[in-house]
Amino acid sequence: MTVPQQAHSTCTIPGDYAQRPPLVILSDRRESKDLRTDLTADVPEVRRSFDSGLRPALRMTDILRIRRSILRILNAHCGTVITVPYIDFTERGNIMGIYSDVLLTVDFDRTLTAPDSSIPERNLEAIRYFIDNGGVFTVNTGRSVPMYSSHLELVPVNAPLLLYNGSAAYDKERREFTFATPIDLDMVETLKKTMELFPDCAVELQGMEHHYLFTPNAGWAAYNEHNRCPYAFCELEEAPGPFLKFTLYGQFRDVTVADLYNGSDAEFAVFDTIHETLEEIFGDKCAVFRAAPRIIDIHAKGVSKAAS
């Protein structure tokens with residue numbers, strides 16, 4: 001998103017920026033917190049509106065004060081907050097909602113979800129309230145289209161999903177990518193080398209329609225079935241592109257994502273070494289990301305949730 005250097009209440013707004021949210025929130029917390037509780041407790045107008053289900057009638061001074069409170073709360077909850085100058089949309093004849101110039105993107109696992117991978121209803125309720133009051137919301141996650149597919153209709157969004165650690169944006173209505181950044185390496189050679197170096201890991205290719213594995217692994221299959229992720233075993237040379245992301249997993253002792261956050265100090269040390277080795281070999285072209293203590297994601301260099 002192009003951010004202008006200046007924006008004034010006189011509505012001298014470059015290009016089509018008047019239709020774009022001038023506040024961007026990126027959230028990637030380590031643990032799930034109740035954002036609704038903080039927002040409604042700290043901002044009385046929001047609490048009354050949330051409880052009554054009605055949008056409050058607010059003066060511009062009220063909106064500015066609420067914005068400051070919301071920013072402070074979001075700063076406490078979010079990993080990164082980027083702000084640009086305020087634009088007074090009322091001078092364009094529009095009625096401004098509380099969140100009408102806010103884009104909120106939130107990580108999925110252990111941020112939007114609880115540690116057991118369920119999504120608290122209060123979080124979904126807060127998202128619906130945010131969108132109903134003018135906000136733009138989407139999920140910003142390391143998950144792929146297949147891995148996120150079972151949640152497409154569960155989590156309300158009104159902007160393209162940011163997937164594969166920011167490697168692609170996916171329009172769920174059109175069922176297509178709005179952008180994608182593939183890894184600039186030969187896919188077959190890269191995966192083959194990784195599998196040779198780390199034979200004890202499951203080396204997975206995350207495609208557009210399925211996740212692919214190239215050696216038998218009952219634990220990996222059960223994990224994908226549990227998470228309702230379409231998967232397939234295939235020959236390495238038959239794997240389809242684009243080459244957006246591949247992942248190394250530790251031993252599957254359970255079918256949940258949560259289990260891959262657990263392990264012994266020895267297992268974590270092994271993954272520390274794997275991480276360092278992958279960066280040494282592929283670091284010129286790839287970013288190596290520790291998604292969980294026993295999960296390592298690899299995607300194109302320069303790609304990240306924040307950059308997307």
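Visitor: Which residues are exposed on the other side of α9?

Guide: Asp265, Ala266 and Glu280 are; exposed means over 50% relative accessible area, buried under 20%, and partly exposed in between (1.4 Å probe, protein chains only). Keep in mind that this is a predicted model, where local features need pLDDT of at least 70, side-chain atom pairs count only at pLDDT 80 or more, and totals for chains, interfaces and linings use all residues. Residues are numbered from 1 along each chain as its sequence is written, and side-chain values use heavy atoms, leaving out hydrogens and water.

Visitor: Which residues of α9 are buried, and why are they on the same side?

Guide: An α-helix has 3.6 residues a turn, so residues three or four places apart point the same way. In α9, the buried ones are Phe271, Ile274, His275, Leu278 and Phe282. They cover an arc of only 105° around the axis (taken from the directions from the helix axis to the C-beta atoms), which puts them on the same side of α9.

Visitor: What covers those buried residues?

Guide: The cover includes α7 (187–197), β11 (245–249), β12 (286–292) and β13 (295–300). Helices (H or I, at least four residues) and strands (E, at least two) are DSSP runs, numbered from the N terminus.

Visitor: How many bridges join β5 to β6?

Guide: Strands pair if DSSP finds at least two bridges between them. Here, three bridges join β5 (residues 161–163) to β6, and the two run antiparallel. Leu163 has Ala168 as its bridge partner in β6. Four residues lie between the strands of this hairpin, and Tyr164 in the turn has a positive phi of about 55°.

Notes
Contact = heavy atoms within 4.5 Å.
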